[in-house]
Amino acid sequence: MDTESTHSGYSYHSSRSGRSNRHGDRSRERHKASSSKDSSRSERSVVINPPDTPSQESPEDEAQDDNWGETTTAVTGTSELSISQEEVVGLGKEMHDRTQGFRRYLPLAVGSCVGLLVLVTPLAFLLLPVMMWPDRLQACGAACEGLFLSIAFKLLILLMAMWALFLKPGRASLPRVCVYRAFLTTLTLLLTMSYWLFYGVRILDAQDEDYHGIVQFAVSLVDSQLFVHYLAVVLLELRHLQPCYSVCVIRSTDGETRHYNIGQLSVQKAALSILEYYYRDFPLHNPALLSASKHRAAKHLAGLKVYNVDAPGNTAGAQPGNGNQSRAMVTAAAKRKDSAHNELYYEEADYERRVRKRRARLVVAVEEAFTHVRRMKKEDERATPSDIMDVREAALAIFPSMARALQKYLRTTRRQHCHSMESIQKHLAFCLVNNMSPKAFLEAYLAPGPTLQYGPERWMADQWTLVSEASVTGGVKEGSEFLLKCLDFSLAVTIKGIPYIRLTEEFIDPKSHKFILLLQSETSV
């Protein structure tokens, strides 16, 4: 007992120093954690300091106790105007929805106002002289009345062209204003205001009596507006049709890659086109397929043990076998790492075997169900009209026979969240109405389809963020790169120019293909 309770000075000092070192390490880790939290919080938000709070720490603050969180007393108060966190989130979401709706319909409202001004201006040019000084106007002859007919048809054509090009709902909400649309709107307003200025100075102030000249002035305005609309068609609809660049799109989670050709577009317009291609061509993003690789990596890391050989308590004299034991553990971990590819191989082989097994059972169950439907259809032809089953009822009747096999297959392929029971029954009724084969019914479940084939709630991407070093209103160039980010994954886009192709012609003389066959009359007989 005496020997057990007796400590030497060196051991007691070392134990105290070890405890003090561990206490210092814990305090430093706590300080680092708090500083890392503050730094991460500062990256996402803006922190505003009060005027009477110093921005830098004083020497007294540096010398304060490390356990300040346990010894500090906070004085709180109750405000009469209190609001819960849910109400704040709801208020922010409501304001965001209003802003999005305003940004969505603002270009349509501006286009409608500009179009109305364009259509009303020529009519105002013709009506104002008649209303203000009708007695002094000269008579309008046959040529002038022909110009009335020309203005009427031109305005009708301009109205239909503006409706087809501008007055249509927007496909997306872009981060910046389209440069070409802003240029065309400014050009239209500048042209209209110039004509109004000339009309007010030379016709309204002078009260011009030549009504035929006034009508020709209105006709020239309509012609100018038609030319501006032609320019809008060239810039907005025809300029980007010729492919100039090849785009490589890579999804960050599973590496799914597609290649597209685009024309002369701005960065934000190119991003919009790529997102439309994504929803049409890329298979639906399935996070469940990524969990297998994560589970395998976690399993591999769980089998590894790390030892600190150079720790203060692990001396060579005290524990001579630690070095050999650590080397043995490292060797075992290396062998386990070398055999990881075998585990992956057998795991994938077993998964493919189970998928083929579930698929075969599903195909057999669906074929039996469709065969039963065809047999019942022949019997319904001889039955009375009151006994004939509706298509919806037939789908509900045969669905239980294939539901178990379909559910097991979707669980094995980790796509059970992509298809609901209601959507499967609806697709089954659609196949029965159109007399489709069992293979046509199974095609929607045997392979993952494009994103648009599923409901919007399963797209896993509602709002996208464009990350680009270049200006989003500028045109794409050779070597441009940008990123399209959503909540769960991102699309990396790389742009390369289509090379200039030099095509030459080689002429082949038709006479070079002719030959002469000479037959000898004498034989060897």
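Modeller: Please keep in mind that this is a predicted model. The axes of α13 and α14 come within 9 Å and cross at roughly 125 degrees.

Biologist: What do the angle and the distance between the axes describe in general?

Modeller: Two packed helices are described by these two values, the angle between their axes and the distance between the axes. Angles over 145 degrees would count as roughly antiparallel and those from 65 to 115 as roughly perpendicular, and α13 and α14 are therefore oblique to each other. Their crossing is right-handed. Among the residues that make the contact are Ile398, Phe399, Met402 and Leu406 of α13, together with Ile424, Leu428 and Leu432 of α14. By type, the residues of this contact divide into 15 nonpolar, one polar and two charged.

Biologist: Where do nonpolar side chains tend to be in soluble globular proteins?

Modeller: In such proteins they tend to be buried together. In this model the largest nonpolar core has 25 residues, and those with the most contacts inside it are Leu362, Met402, Leu428, Leu432 and Phe441. Two or more residues each are given to this core by α12 (340-382), α13 (391-412), α14 (421-433) and α15 (438-446), and the largest share, nine residues, comes from α13.

Biologist: Which residues does Met402 touch, not counting those up to four places away in sequence?

Modeller: With those neighbours set aside, Met402 touches Leu362, Ala365, Val366, Ala369, Leu428 and Phe441. There is also a second, separate core of 24 residues, which includes Cys144, Leu147, Tyr195 and Tyr199.

How values were computed. Residues are numbered from 1 along each chain as its sequence is written. This is a predicted model: local features need pLDDT of at least 70, side-chain atom pairs count only at pLDDT 80 or more; totals for chains, interfaces and linings use all residues. Side-chain values use heavy atoms; hydrogens and water are left out. A nonpolar core is a set of buried Ala, Val, Leu, Ile, Met, Phe, Trp, Tyr and Cys residues joined through side-chain atoms within 4.5 Å. Buried means under 20% relative accessible area, exposed over 50%, partly exposed in between (1.4 Å probe, protein chains only). Helices (H or I, at least four residues) and strands (E, at least two) are DSSP runs, numbered from the N terminus. Contact means heavy atoms within 4.5 Å. Axes are lines fitted to C-alpha atoms, for helices over the stretch in contact, and angles run from 0 to 180 degrees between N-to-C directions. Angles under 35 degrees count as roughly parallel, over 145 as roughly antiparallel, 65 to 115 as roughly perpendicular and the rest as oblique. A crossing is left-handed if the near helix is turned anticlockwise from the far one by less than a right angle, and right-handed if clockwise. Ala, Val, Leu, Ile, Met, Phe, Trp, Tyr, Cys and Pro count as nonpolar, Asp, Glu, Lys and Arg as charged, and the others, Gly among them, as polar.
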